[in-house]
Amino acid sequence: MMQIGSTLPAHNLQLFRVRRAGFECSGSPLNPLNRAPTRKPERLSTEITKEHLFNLEKLLQKQPHPNPPDPEPAINGSHTTGENRGRGILEGLNLASSVWPEMKAAEEMSPRYLNRLQRLLSKSAEYSPRNILGSRWREYHGSNDWAGLLDPLDENLRREVVRFGEFIQAAYHCFHSNPATSTEEAQWPRHVALPDRSYRVTKSLYATASIGLPKWVDDVAPDLGWMTQRSSWVGYVAVCDDITEIQRMGRRDIVIALRGTATCLEWAENVRDVLVPISDEYNNNNNQKKNEGIQSTDGQQPKVECGFLSLFKTRGEHVPSLAESVVEEIQRLMEKYKGEALSITITGHSLGAALALLIGDELSTCAPDVPPVAVFSFGGPRVGNRGFANRIQSNKVKVLRIVNSQDLVTRVPGMFVSEELDKKLRENGARKLLNALDNNMPWAYAHVGTELRVDTKMSPFLKPDADVACCHDLEAYLHLVDGFLASNCPFRPNAKRSLWKLLNEQRSNVKRLYTSKAKALNLSNLKSDMSTMANCLPSPS
């Protein structure tokens, strides 16, 4: 028995400190000279539990002091290997069922662990530090397609991505606080509770569906109200006005934030997934090139989904189209801040991510000297064909798509052929055949831009089998980005983002361990704490 401990690696010896006394020689009852020394009887487990609860109560009565940030773990994730190896040894000795749970329980009851969990479950927002971007702002804005910044994820880029996602959350909350669109409100921008007070809202944006519901729907269900309106508030334009923040970012930033699908008619437009030409400009240019004897290089006409283009181009009864509103406001701001370093950042979730691409394409040609345009999309579907993707790239619109591997929305519409397979086929000589299919098939979609891929299964707080709504939820996306280090590295232990909102919106998808800890920390009534946002609904999926 004593030889087993000597064969263990040195870094696993601490696993046996929990039951060190179990390996002491107890003496033989047949040999009075070799009897074990008398020991005090062990304390009852109930007494130990009472002591733990007493210490926990004392701890929670005090305001916990912020813990210093934990060091970033190694990228290769080697620290999990030792833990698994140690557990395997315990299972081989048939001791894992007794030693391992006590070790984990002791760790979860430690003051440091409880302090950190209470901080993550608190409503107070805690952010990673904002560093000065200065002369590198173009790099973080995608001038090099974020090369070298995504895997591992640069800490400055992580903070910027989360910040842009919170602009979308502000759009969700503003819409659900007043979803109805009046005939007079388009004259001035809505009040939006921006997460970043250095920005000021300058314009409200509206999307209008080209289809409507029959009149008998209002007779059958008169209470639907705003769910059946054709024109709806979809987002806003905001500009940075704080001198300190402008100096930190290295330029004055203009943000366009767009929410996802909310009304019945928006859902109806989403399923109109046939590709249509984005404009007649392609045909006119091709005819001109043929007359001049110039051959087209790609041979693909830019096409986008019919429903997305409809929401983007259709004018409302009392509001202009989304395309007209955005172009007019950006041209006004460009003229107002002429001579300054400017950037245009478009961010959206779900339907908003699709509209963000159309806005980026429209703005890239709206004026001779357009500032750098970048799109940060969360959970966005495919928008157009390969010709549209080539057009976005040729117009120098930079696109960073944040994608959850478990999110089904990012895989539609289209023929469900992955971009990786399409790329391999084109490299192996099937380019002409695939180009012909792209031009003739109505569902030949392709993604645009650079991808930052996260995964629900990497979060230690979410269930690995989280449902479809959770995998597409915006708060879940921000939680995953905040904890992402690299594709081959686990969730970072010093993630800053609070779990309070995630627990409210996705309680059924959070692991039972953390929901029970929330109850132990007197945080089980989190939903009642939403009184500060009584008129707001959570970000829908």
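**Sheet, cores and helix packing**

G235 has L258 as its bridge partner in β3. The structure is a predicted model, in which local features need pLDDT of at least 70 and side-chain atom pairs count only at pLDDT 80 or more, while totals for chains, interfaces and linings use all residues. Residues are numbered from 1 along each chain as its sequence is written, and side-chain values use heavy atoms, with hydrogens and water left out.

The chain holds 20 helices and nine strands (DSSP runs numbered from the N terminus; helices are H or I of at least four residues, strands E of at least two). Of its 541 residues, 46% count as buried (under 20% relative accessible area; exposed is over 50%, partly exposed in between; 1.4 Å probe, protein chains only).

Seven strands form an open sheet with mixed pairing (two strands pair if DSSP finds at least two bridges between them). The strand order is β1-β2-β3-β6-β7-β8-β9. β1 (199-208) and β9 (450-454) are the edge strands; each has a single partner, so one side of each lacks a neighbour in the sheet. From one strand to the next, the twist averages 20° (axes are lines fitted to C-alpha atoms, for helices over the stretch in contact; angles run from 0 to 180 degrees between N-to-C directions).

β1 and β2 (residues 231-240) run antiparallel and are joined by nine bridges. Here V201 stands opposite A238. β2 also pairs with β3, again in the antiparallel sense, over five bridges. On to β6 (residues 342-349), β3 runs parallel, with seven bridges. L258 faces G348 in this pairing.

Strand β3 (residues 252-258) is mostly covered, with seven of its seven residues buried. R252, I254, I256 and L258 point one way, and D253, V255 and A257 point the other. In a regular strand, side chains alternate between the two faces of the sheet.

The largest nonpolar core has 59 residues, of which L157 and Y236 touch the most other members (a core is a set of buried Ala, Val, Leu, Ile, Met, Phe, Trp, Tyr and Cys residues joined through side-chain atoms within 4.5 Å). Helix α7 (residues 155-177) supplies the largest share of this core, eleven residues. Beyond its neighbours within four places in sequence, Y236 contacts F167, A170, A171, V192, L194, V201, K203, S204, L205, V255, I256 and A257. A second, separate core of 45 residues includes I254, F312, L322 and L358.

Helices α12 (residues 306-313) and α14 (residues 351-363) pack against each other. Their axes come within 10 Å and cross at roughly 65°. F308, L309, L311, F312 and K313 of α12 make the contact with L351, A354, L355, L358, I359 and E362 of α14.

Q300 lies in the loop between α11 (281-291) and β5 (303-305). Its relative accessibility is 2%, so Q300 counts as buried. Q300 and N390 are 90 residues apart in sequence, with 8.9 Å between their C-alpha atoms. In helix α15 (residues 386-394), the buried residues are G387, F388, A389, R391 and I392. Just after α15, K396 takes a positive phi of about 60°.

Methods. Contact = heavy atoms within 4.5 Å.
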